[in-house]
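Please read it with the sequence and the model side by side.

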Amino acid sequence: GSKADSTDFGGYTLYNLALIQCQEYGTCKKGSVPPINIEVIENFVLGKNRIAEGKCTAVGDNARRIKTLMTVPLIQGMLKVAYELDLEDDVRQRTQGEAAAFLTAIIPIVNSCSGPNANIMYNDLAPGKATKASYEVIRAAFERSYDCMGIKCADVGGLTTILGDEYLPRAEPCGIDEKEYMNDKGK
């Protein structure tokens, strides 16, 4: 599952998830490589070069940045399923399963920053509870944790329509004027 290879979707695991989520969140243009994936690869190369130069302690900075960047698609995925569960009333088992998967992946990271925010997420999206999920509750818990996680609102973006030309109701990026943000992305 973690093999770095190409598929019809552009890759596997977090690489591919970043590819899908960046288009759904307006953080990249369709067909382009997500900025997150570019920066992850740059940090891998920089880390490799630092090791070759004997600067092993400096590699920790690269590893931490990679971890932060790879957290973004998990946040986006969890926000998307919370949106579907709450605002689109999609309580299918598949959607609830996705909620549980994203919750399991992200909750330890959120917990390391804020136990109360992690508890809020767990109480809202845990298996058996997700049918009553609140998108706003999950979003607010994430936003309160962004600074500690090293995430910016612009990293996450906002959930867009299928055409990617506007944000879904109540799903615009936090802390950014929607029109200004869309203009900055060339949309």
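A crossing of two helices is called left-handed if the near helix is turned anticlockwise from the far one by less than a right angle, and right-handed if clockwise. By that convention, the crossing of α1 and α3 is left-handed. The model is a predicted one, in which local features need pLDDT of at least 70 and side-chain atom pairs count only at pLDDT 80 or more, while totals for chains, interfaces and linings use all residues. Residues are numbered from 1 along each chain as its sequence is written, and side-chain values use heavy atoms, with hydrogens and water left out.

**Packing of α1 and α3**

- Helices here are DSSP runs (H or I, at least four residues; strands are E, at least two), numbered from the N terminus.
- The axes of α1 and α3, as lines fitted to C-alpha atoms over the stretch in contact, with angles from 0 to 180 degrees between N-to-C directions, come within 9 Å and cross at roughly 55 degrees.
- α1 and α3 are therefore oblique to each other, on a scale where angles under 35 degrees count as roughly parallel, over 145 as roughly antiparallel, 65 to 115 as roughly perpendicular and the rest as oblique.
- The contact (heavy atoms within 4.5 Å) is made by Leu-14, Leu-17, Ala-18, Gln-21, Cys-22 and Glu-24 of α1 together with Met-70, Pro-73, Leu-74, Gln-76, Gly-77 and Lys-80 of α3.
- By class, the residues of this contact of α1 with α3 are seven nonpolar, three polar and two charged, where Ala, Val, Leu, Ile, Met, Phe, Trp, Tyr, Cys and Pro count as nonpolar, Asp, Glu, Lys and Arg as charged, and the others, Gly among them, as polar.

- Helix α4 (residues 93-113) and helix α5 (residues 115-125) have axes that come within 7 Å and cross at roughly 165 degrees, which makes α4 roughly antiparallel to α5.
- The crossing of α4 and α5 is left-handed, and among the residues that meet there are Leu-103, Ile-107 and Val-110 in α4 and Ala-118, Met-121 and Tyr-122 in α5.
- The contact of α4 with α5 has nine nonpolar residues, three polar and no charged.
- α5 and α6 pack at an angle of about 160 degrees with their axes 9 Å apart, and that makes α5 roughly antiparallel to α6.
- α5 passes α6 in a left-handed crossing, where the residues in contact include Ile-120 and Asp-124 in α5 and Ala-141, Phe-142 and Arg-144 in α6.

**Pocket and cavity**

- On a 1 Å grid over the protein atoms alone, a cavity is a set of points where a 1.4 Å probe fits but cannot get out, a pocket is an open set with protein on both sides within 12 Å along at least five of seven lines, and lining residues have an atom within 4 Å of a point.
- Of the 18 residues that line the largest pocket, Gln-23, Glu-24, Thr-160, Thr-161 and Ile-162 are the closest to its centre, and the elements that give two or more residues to the lining are α1 (13-24) and α3 (59-86).
- One cavity of 30 Å³ or more is found in a search of the whole structure, and the largest cavity has a volume of about 80 Å³.
- The largest cavity is lined by 13 residues, with Leu-79, Arg-139, Tyr-146, Val-156 and Gly-157 nearest its centre, and α6 gives the most to this lining, with four residues.

Key:
Points joined across faces, edges and corners; volume = space filled by probe spheres on them.
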